[in-house]
Amino acid sequence: MILQSQLKITLENGVSLSDDDIELLKALKECGSIIKTAKNMKISYKTAWDALNKINKNSELFTSKKNQGCTLNEKALELINKCEQIKKAQNFLVQKMLEKNINLEYISRIPLKLSAKNQLKVKILEINESIVNTDIIATLSTNEILKAKITKSSQKELGLKVDDEVIFIFKAPSVMIKKQDFSKLILPNIIKAKITSAIIGSQNCQITALTSDKQNLTAIIPNDVTMDLRLAVNDEIGVIIDPKDIIIGI
């Protein structure tokens, strides 16, 4: 069985776009005119015109000039790209739920957001199984290596394979920071980053940093540690994560 979901987008001005509307915009992008778009979509010119006029009335997604056809602007192109990505992820999730026989009655309980600040996109290089646990060796796009240690049963349930792209998720308080000579440390989970902000509270400091592959990281460390390390914006640091503190999302 194959399931497919429907997507509905509501723009800032309140205009709602369905899957059919997005397909119409994509056809307009390829064809360059409403007449050609109508033929391509096998609909009447009036149907295409009415739909595109409704979309464009308050959204200004394309321009139409006599004898010059229609041109989509950057906002429209970005919208099409985002919708395609969301639709792909949506259908992938629905199919995975079906394959794994997930009880759909409980889907409404799945949180849409995670409290964990750190969510790194990685690609699996190795999967090393033991009796109880499995080490997942993954890489950032810059070839820096990270390892997560999860239970073997979790690995099997997730269906993880080499070359899968997954998310390494971990909380900010579990992140450790080294500033000097971190490149000499022999640790499995240390990656380079540059501090972009530091917010000092009454007891702790929130450090935000950017990895070498432009992903954000957040650490919560005591104020005295911040002072001892003399951390400041633009400092190059080593970020250390214990493999046991990482959970994996797909």
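# Salt bridges, burial and contacts in a predicted chain

Glu23, Lys26 and Glu84 are joined in a network of salt bridges, a salt bridge being a side-chain nitrogen of Lys or Arg within 4 Å of a carboxyl oxygen of Asp or Glu. The structure is a predicted model, in which local features need pLDDT of at least 70, side-chain atom pairs count only at pLDDT 80 or more, and totals for chains, interfaces and linings use all residues. Residues are numbered from 1 along each chain as its sequence is written, and side-chain values use heavy atoms, with hydrogens and water left out.

**Confidence and overall make-up**

- The mean pLDDT of the chain is 85, and 86% of the residues score at least 70; pLDDT is the predictor's confidence in each residue, from 0 to 100.
- Confidence is highest in strand β6 (residues 133–139), with a mean of 95, and lowest in strand β3 (residues 62–65), with a mean of 78.
- Where pLDDT is low, the predicted coordinates should not be read in detail.
- The chain has 6 helices and 14 strands; helices (H or I, at least four residues) and strands (E, at least two) are DSSP runs, numbered from the N terminus.
- Of the 250 residues in the chain, 36% are buried. Buried means under 20% relative accessible area, exposed means over 50%, and partly exposed lies in between (1.4 Å probe, protein chains only).
- The accessible surface of the chain is about 16300 Å², and 52% of this belongs to carbon and sulfur atoms. Accessible areas come from the Shrake-Rupley method with a 1.4 Å probe, and for residues only the protein chains shown count as cover.
- Among contacts (heavy atoms within 4.5 Å) between residues at least 6 apart in sequence, 58% join residues at least 24 apart.

**Salt bridges**

- The whole structure contains 12 salt bridges.
- One of them joins the side chains of aspartate 19 and lysine 87, with an N to O distance of 2.9 Å. This pair links distant parts of the chain, since aspartate 19 is in helix α1 (residues 19–31) and lysine 87 is in helix α4 (residues 74–99), 68 residues apart. Both aspartate 19 and lysine 87 are buried.
- Lysine 156 and glutamate 129 form another salt bridge, their closest N and O atoms being 3.0 Å apart. Lysine 156 belongs to helix α5 (residues 152–158) and glutamate 129 to strand β5 (residues 118–129), so the pair ties together parts that are 27 residues apart in sequence. Glutamate 129 is partly exposed, at 40% relative accessibility.
- Lysine 161 forms a salt bridge with aspartate 164, where the closest N and O atoms are 3.7 Å apart. Lysine 161 counts as partly exposed because its relative accessible area is 48%.

**Asparagine 118**

- Asparagine 118 sits in strand β5 and is buried, with a relative accessible area of 0%.
- The side chain of asparagine 118 reaches the backbone nitrogen of threonine 218 at 2.6 Å. This is a polar contact, a pair of N or O atoms within 3.5 Å; within protein, one must be able to donate a hydrogen and the other to accept it, and residues adjacent in sequence count only if both atoms are side-chain atoms.
- Leaving out residues up to four places away in sequence, asparagine 118 touches residues including Phe168, Phe170, Val175, Leu217 and Thr218.

- Isoleucine 131 is in the loop between β5 and β6 and is exposed, with a relative accessible area of 79%.
- The C-alpha atoms of isoleucine 131 and serine 153 are 9.9 Å apart in space, with the two residues 22 apart in sequence.
- Isoleucine 199 is part of strand β10 (residues 190–200). Not counting residues up to four places away in sequence, isoleucine 199 touches Asn204, Cys205 and Gln206.
- Isoleucine 199 and isoleucine 220 are 21 residues apart along the chain, and 9.6 Å separates their C-alpha atoms.

**Cysteines**

- The count of disulfides is 0, a disulfide being a pair of cysteine sulfur atoms within 2.5 Å.
- Cysteine 31 is partly exposed at a relative accessible area of 21%, whereas cysteine 70 is buried at 10% relative accessibility.

**Positive phi values**

- Lysine 42, a residue other than glycine, has a positive phi near 60°. Lysine 42 lies in the loop between α2 (34–41) and α3 (45–59) and is exposed, with a relative accessible area of 77%.
- Asparagine 234, also a residue other than glycine, has a positive phi near 85°. Asparagine 234 lies in the loop between α6 (223–229) and β13 (236–241) and is exposed at 53% relative accessible area.
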